[in-house]
Amino acid sequence: MTDIPEQGMAPKIAQKSRLRVFLDSDIYYTFKRSPVAVVSTIVVLILVLSAVFAPLIAPTNPFNPASLNLMNGFTPPMEPNAFTGDTFFLGTDDQGRDVFSTILYGMRVSLFVGVAAVLFAMVLGITLGLISGYVGGWTETIIMRTADVQLTFPSILVAMLIFGIAKGFTPVEYRDQMAIWVLIIAIGLSDWVQFARVVRGATLVEKRKEYVEAARLIGRTPYAIMLRHILPNVLSPVLVIATISLALAIIAEATLSFLGVGAPPTQPSLGTLIRIGQGFLFSGEWWILLFPAVTLLTLALSVNLLGDWLRDALNPRLR
Amino acid sequence: MSDAVLSIRNLSVEIPTRTGVVKPVDGVSYDISAGEILGVVGESGAGKSMAGNAVIGLLSPPAHIAAGEIWLNGTRIDALKGEAMRRLRGKQIGMVFQDPLTSLNPLLSIGDQLTETMLTHLPISRSEAEKRAVAALEEVGIPGAVERIDSYPHEFSGGMRQRVVIALALCAEPSLIIADEPTTALDVSVQAQIIALLKRLCRDRGTAVMLITHDMGVIAEAADRVAVMYAGRLAELGTVRDVLTQPQHPYTAGLMASTPLASAGKARLHQIEGAMPRLDNVPEGCAFHPRCEYAQDKCRAAPAPQISDSHAACWFPLIAEKVS
Amino acid sequence: MALISVKNLTRVFDVSKPWLNRVIERRGKAFLTAVSDVDFEVAERTTYGLVGESGSGKSTIGRMLVGLLTPSGGTVEIEGVNLATEADAKKIDVIRSDIQMIFQDPYASLNPRWRVRDIIVEPVVARGGDATGLAEKLLEQVGLSALDAGKFPHEFSGGQRQRICIARALSSEPKLIVCDEPTSALDVSVQAQVLNLMSDLKDNFGLTYVLISHDLTVVQHMSDVIGVLYLGRLVEEASPDRLFNNTKHPYTKMLLEAAPKMDAFGREAELPEGEIPDPINPPPGCAFHPRCPIATDICRQERPAMRKLDDTRVACHLAE
C-alpha cells in the first residue's frame, strides 16, 4: 500500500499490472491464510486437470471396444487377473473396463455438463436479473414471479420434466448425442433463479449509486449503463453462487444419470458409473461403485468448500 | 485520581495489520470532571471515535488498548473484560451515537427499553421504573410522553429518536456520557435543540460528557473544554474559549481559518495543504510537520512535546498576535 | 439572458404502498410533493445557492435541472431549451453536454471497477469524441497528477475523489455544473481545498454553478444569489449580504439563529420550535406557519405568493 498525498505528487508506479493488483489484494492474502481454501483449490485443480487430460493419463480408453477384453471383467484393484494376469490400479468392471480410466473419462462428462449448465444458468440469470433490476415495473414483476413459480418445483423435477419432453422429440438414433445437451439445458434451467435474484438485488443497490446517475446524466443508453457500469459491479456475488452451483450441478447431473435419465452408458458420467456400480455392490465387487462415488464426493466437496470460502472472503461484513 | 470522572492517561490503541501495526490513538491523555462537557474534535481518521470506543470497551478486534490507563471515578477500567465491562457500561457510562436507530431496539417499545435499562441497573420496582420512564421522556422534551411511551422507535422522527436515545443514555443515571457525533445526521434546527438539551441535562445532573464531533461550530456551542486530535495524537487541549479564539497549535489555527465562517467576506478560504496522513504512514517527529507552515528542523526530528504547561503539543506554539 | 430559467417547477412523487396493501388497508394513493411551484433564474457565470434542510426538495430541484428527473409541472429552461419537451435530438445533445453534476458521496460517484482515466473521459467518449490526453490534462487542472489516470478510485481519499468527480464534470466543457452537497462528506480542511478549487475553475472556465447545500456557511461563501427552500417551496431569495444582514422570512431567521456559531461560547440560543412537518401532509397555507413565531390567521389559510421586497424576493404575508 502506498500513501497518496492529497496534492498530486508523482507516485513511483503509474499503473500496476493486473497480476500485481491481484497479488496485493486482500482476497489473495486471505486465500494464502486459509488452509481449507488452499487444499480444496489444489484438489479441484488436480481433478479438473486429470479430467481434461484424461486421454493422456488414462491407461486404456474404456470406450474403445477394440482395447477391451471381457476376460478382464471383475478384476479387483491392485490384484492380477486370474485369466490374463493383467493388474488394474482400481480394478475393472463387468465388461473388463479399467475403473480408473472410466472415472477419468466420467469426470470429463460430469465436469463438462456441470460447467456448461452453470454457464447457461449464469448467462440467463444475469441477463434477466440485470433487466428486471434496472428496468423495474412490469418487466420485473413478470420475470421475478416466473422465478418464484420455478422455485416451487424441486430442480430435479424440472430437469426430469425437460429431459422427458426433449426425449419425446428426439429421434432414437440421436438420443445418446442429445442426452448431454438436454442435461445441460435441464440443469441450467432449474438453476438460473438464484443468479437472477442475486443480480437483481445487487443491481437495485448499484443503480441508485451516483456513478450510475452520472452516466445517465451524460445520456448513456440503459444498455450501456447495464453492461458497462452495473454488470462489473454485481459480478462478485455471482462468482460465489457460480462456484456453489457448480458443485450442485455436478451432483444434479449425477443424480439424473443415476436415475437413468442422464448421461447414456456409451458416454458415462460419474453418476452413470455409480448406477452401474451399485448393481454389483452386493455380489462383492465393491470397487466398481466405491471409486466413482468417492471421486464425485471429493469433487463436489472441494468445489463447495471453495465456494464457501469465496463467499466469506468477498463478504465485507464477515471480515 | 483527582476529582475527574474520567481520566485517560497515555492511552494508545493499536491495530495489527498485515503491513504492520497502526496506532489510531497514540499517547492521549485527558480528564473530564463532573458536569463538564469535553469536546473531542478532529477530522476523519484523527482517532477521536476510537478513543471513545476504548473507554467503553467497544474496540472491535483486532484493535486493542496497547498502553495507558483509563480511570472512571477512581477505578481503573481499561483491563476490565466481558461481564464486568458490560455492567459498568450500562450503569456508569451512557452512550449516544450518530444514528439513533442503531442504539434503539426496533422490536421493543421505547417504554420497555427505558424500564428494562433502569431495572437492570437501579434498585427500583417495575412501577417506579415505569413512572421514571415517563418522567425521562418528558425531561428530554417529547410531547405527550404518557401516550407515546408505548410507541416503537420507527414511529418517531429523527430528532425525537435522538431525544429518546438521550433519555435512554441518562436513565440509569450514569456519571459519564459519550456522545459520538450525536447531531451529525440531524438538520440544523433540530441540531440546535439536541445540543441545548444535552447541555441542560448534563449540567443539571452533573454528568460528565465526552462530545465527539468533527464540527467546530458544535464544539463552540456546547463544550466547556476542547481536545483537538490529529493523526491519533492530541494536538491541543484547553478551554473552548482559549482554543477557539487563540489557538496555539498551527493545525487548530488552520482548521479554524478554513471554515467558511471564519473567512467571511474573503474570496478564498484559508487552506491547509495536503491531508491527514494515513495511519500506516504517520510522519516522523510531529505528525503535522509536512503540512505546517511554521515547521522547522526540530519538528521533523523530535515528536511534539506532551501537553503539559502549554496547551498545545507543538514545539513552536503560536502566540496570540500571530493568528489574529 | 439567464442561463437557467425555472418556472412554476413542481415535482410530485407517488409514495403509495403496493396495490394489494392499499386494497387491504382501504387507503388511497399517497403523494409527496417534493417541489412545489418554484421560480428562479440563474444568470450566466454566477453561483446560485440553494439551501434548505432535509425534505426541502433541494436535491430534487438539482436532479430536475440536469434532466435526471422530469418535472410534474412547470418548466426548466436551459439556454432557452426545455429538455423535457424539446423534440430536436441534436439540441438536446448540445444542452446535455453543457450540463454536468457533482454529487455528494465521493465514494459512490465513481465506478469502482473503472480506471480514473476512463471515468473522466466518459462524457466525451460517450459522444464519440476524441479524448487523447484529456484525462491527464484535467487531472492536473484539479490538482492531481497525470500519473493518477491509471489508478482505480479506491486508491484515493475522499477529497481526491471529489477532485476526480470535478475533472469528469469538466471534461465535456460544460457551462453549468450543478453541485449537490459537494463538500458535505468531506472534512473541514479538505472542504476548504475543494471550495477554493471550485472558485478557481469557475473563473478559468467561465462556469455557472448551482450549489445545493444544507450548510449556510458554504452557500454564503460561494454564492452570488441564495434561495432558501422550506418543504419544497422557495421562501426567500437574496444576495448573501442581504440574506444574512437583512433577513425577511421568519424561517430564514430561525435557520440563521440555529446555525452553530464559532463565537457563541455558552450561548443560550433562542431554540427553534418543532420539527419539519411530514411532506406528505404539509400544513395548509404557509407551510411554515406551525413553527412561525409571528403567524396569523392568513398564514394558516393562504399560501403566500413570492413577492419583491427591496432587492429580496420573499414568500411571506408578513415580511416587510
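Good morning. In this structure, 33 residues of chain C are in contact with 36 residues of chain B, where contact means that two C-beta atoms, placed from the backbone, lie within 7 Å. On the side of chain C that touches chain B, helix 7 (188-205), helix 8 (216-222) and helix 10 (250-258) of chain C each give two or more residues. Helices here are DSSP runs of H or I with at least four residues, strands are runs of E with at least two, and both are numbered from the N terminus. Helix 7 of chain C provides the largest share of that side, 8 residues. By type, the side of chain C that touches chain B divides into 17 nonpolar, 11 polar and 5 charged residues. In this classification Ala, Val, Leu, Ile, Met, Phe, Trp, Tyr, Cys and Pro are nonpolar, Asp, Glu, Lys and Arg are charged, and the others, Gly among them, are polar.

A word on the source. This is a predicted model, in which local features need pLDDT of at least 70 and side-chain atom pairs count only at pLDDT 80 or more, while totals for chains, interfaces and linings use all residues. Residues are numbered from 1 along each chain as its sequence is written, and chains are lettered from A and ligands numbered from 1 in the order in which they are written.

Let me turn to chain C as a whole. Chain C contains 11 helices and 11 strands. Its radius of gyration is 21 Å, close to the 20 Å that the globule rule gives for 320 residues, so chain C is as compact as a globular protein of that length. The radius is taken over C-alpha atoms, and the rule is 2.2 Å times the number of residues to the power 0.38. The C-alpha trace of chain C spans about 65 × 55 × 45 Å along its principal axes. Of its 320 residues, 49% count as buried; buried means 20 or more other C-beta atoms within 10 Å of the residue's own, exposed means 12 or fewer, and partly exposed lies in between, with C-beta atoms placed from the backbone. Among contacts in chain C between residues at least 6 apart in sequence, 66% join residues at least 24 apart.

One residue of chain C deserves mention. E79(C), in the loop between strand 4 (73-78) and helix 3 (89-98) of chain C, has a positive phi near 50° although it is a residue other than glycine. Is E79(C) buried or partly exposed? It is partly exposed, because 17 other C-beta atoms lie within 10 Å.

A231(B), which is not a glycine, has a positive phi of about 50°, and it lies in the loop between strand 9 (225-230) and strand 10 (233-239) of chain B. A231(B) counts as buried because it has 24 C-beta neighbours inside 10 Å. Elsewhere, P61(B) and P62(B) are joined by a cis peptide bond with omega about 10°. P62(B) belongs to the loop between helix 1 and strand 4 (64-72) of chain B.

Helix 1 (residues 48-56) of chain B also holds S49(B). Which residues does S49(B) contact, leaving aside its neighbours within four places in sequence? They are D180(B) and I212(B). S49(B) is buried, with 24 other C-beta atoms within 10 Å.
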